[in-house]
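Please walk me through this structure in the viewer, one selection after another. I have not seen it before and would like to know what is there at each stop.

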Amino acid sequence: MISRSTPCSFCRSEAGFKIGEVAYWDIAEANVVQCEKCRQMQLDPMFTEDEVVAGCIASHAHEKQKLPPRWFIKNNKRHFRAGVRFAAYLKSKGIHPRRVMEMGPGEGYFSRALATMIPGLEVVCVDADEQVAIELKRDHGFETHVGLVEDLSSVPDNEFDLIIGRDFLEHVIDPARVIQNCHRLLKTGGHLYILTPNGYQDVWHIYLRWKLYSDKTDLFGNHLNYFDGAALVEYLKQSGLTPVDCHQEGAKTFRRGAGWSFDPRHAGPPPKRLPHRDYFFEPGNDQPVSVEDVLPSPVWLDNAFFRKLLSLRYTLGHLPSLEFSINRQVGHYISCLNQKT
Ligand SMILES: [Zn+2]
């Protein structure tokens with residue numbers, strides 16, 4: 001048991017168990033600590049806003065320099081298909097949003113799919129990276145806010161029917177405050193949808209490197225939080241967000257040993273401490289992908305009947321993932337749909 005320098009975001013406890021160490025570019029280093037009370041795992045000390053923004057911009061630029069455009073096209077098409085399926089999922093639950101906010105939307109193709117499948121839908125995006133916000137507005141015409149969802153004081157209360165955070169909550173400095181702010185921003189009866197890695201699997205490579213080699217892991221993607229699914233749902237409930245559909249899904253990573261196998265091959269990479277200032281956007285090289293490369297032909301999108309066919313095609317072309325109880329620490333992702341009541 002250790003005493004933390006940043007209290008737990010959720011229960012404010014200052015005691016925890018150390019389960020690993022990380023290095024973030026040449027920017028910062030921290031322990032990973034599991035809260036002794038509510039079981040959530042977070043960095044300690046937690047990074048500052050400036051550190052996170054600097055690392056995010058470097059990671060984003062590094063990715064764009066390292067990966068070929070076809071990787072972005074493929075990835076964005078995957079997000080678009082997921083958005084089309086999510087629109088069908090919402091309909092199946094009787095949820096018909098008019099105004100939606102996506103937090104940390106990446107290149108925006110998930111929300112673009114929602115806007116395509118739900119005519120008249122208004123999309124608002126929030127991102128900490130100004131460059132990302134500029135591209136979202138340019139590519140999709142979304143209303144954008146630059147900043148942290150922890151703050152967002154410029155957006156009025158009871159504003160949205162639906163708030164989406166896919167692969168988002170693990171990246172924020174204060175996830176409890178994000179959830180409280182989502183509650184504030186949602187209309188009564190509105191929904192919050194969270195998709196985030198199962199923390200026990202996600203933290204495993206950091207834990208193994210520390211356990212086997214007493215070493216730090218290179219924190220390349222900036223995961224600052226590692227969630228216990230049941231504890232997350234408990235916190236959502238406490239915050240006035242009633243579970244509608246909360247489960248864990250996907251068994252592939254678990255089968256390979258993430259979360260249980262002490263195989264040294266699962267240990268994370270040692271710290272490289274790359275100089276983050278060396279990574280930046282080169283003018284003219286900031287858009288490897290055009291919207292037309294990603295979206296299906298307009299034939300599929302312009303007409304309601306063809307959109308239905310497209311939805312059917314994406315649903316049939318996608319194997320349903322195995323679902324597990326939120327109370328078991330199995331599954332690659334934690335998926336939570338909750339309603340403000
Ligand atoms: Zn706690």
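## The whole chain

Among contacts in the protein chain between residues at least 6 apart in sequence, 74% join residues at least 24 apart. The model is a predicted one. Along the principal axes, the C-alpha atoms fill a box of roughly 60 × 45 × 40 Å. Of the 341 residues, 45% count as buried.

## The open sheet

Next, select the eight strands that form an open sheet, in the order S7-S6-S5-S8-S9-S14-S12-S13. The pairing in this sheet is mixed. At the edges stand S7 (143-146) and S13 (323-324); each has a single partner strand, so one side of each is left without a neighbour in the sheet.

Now follow some of the pairings across the sheet:

- Select S9 (residues 186-197) and S14 (residues 333-340): they run antiparallel and are joined by seven bridges. Leu195 stands opposite Ser335 in S14.
- The bridge partner of Glu249 in S13 is Glu323.

## Helices on the sheet

Select H5 (residues 175-185). This helix lies across S5 (99-103), S8 (160-166), S9, S12 (241-249) and S14, and it runs at about 150° to S9. Then select H8 (residues 229-238), which packs on the sheet and touches S12 and S14. The direction of H8 makes about 170° with that of S12.

Which residues of H8 are buried? They are Gly229, Leu232, Val233, Tyr235 and Leu236. Looking down the axis of H8, you will find these buried residues within an arc of 160°, so they line one face of the helix. What covers them includes H5, S12 and S14. After H8 comes Gly240, whose phi is positive, near 85°.

In soluble globular proteins, nonpolar side chains tend to be buried together. In this model the largest nonpolar core has 91 residues, and Leu114 and Ile163 are those with the most contacts inside it. Select H3 (residues 109-117), which supplies the largest share of this core, six residues.

Then centre on Ile163. Leaving aside its neighbours within four places in sequence, Ile163 is in contact with Met101, Met103, Cys182, Leu185, Leu186 and Leu192.

## A stop at Thr144

Last, select Thr144, whose place is in strand S7. Is Thr144 buried or exposed? With 20 other C-beta atoms within 10 Å, Thr144 is buried, since 20 or more is the cut-off for that label. Setting aside neighbours within four places in sequence, its contacts are Cys125, Ala133, Leu136 and Lys137. To end the tour, pick the C-alpha atoms of Thr144 and Asn225: these residues are 81 apart along the chain, and the two atoms are separated by 25 Å.

Notes
Residues are numbered from 1 along each chain as its sequence is written. This is a predicted model: local features need pLDDT of at least 70, side-chain atom pairs count only at pLDDT 80 or more; totals for chains, interfaces and linings use all residues. Two strands pair if DSSP finds at least two bridges between them. Helices (H or I, at least four residues) and strands (E, at least two) are DSSP runs, numbered from the N terminus. Two residues are in contact if their C-beta atoms, placed from the backbone, lie within 7 Å. Axes are lines fitted to C-alpha atoms, for helices over the stretch in contact, and angles run from 0 to 180 degrees between N-to-C directions. A nonpolar core is a set of buried Ala, Val, Leu, Ile, Met, Phe, Trp, Tyr and Cys residues joined through C-beta atoms within 7 Å. A residue is buried if 20 or more other C-beta atoms lie within 10 Å of its own, exposed if 12 or fewer, and partly exposed in between; C-beta atoms are placed from the backbone. The arc is that of the directions from the helix axis to the C-beta atoms.
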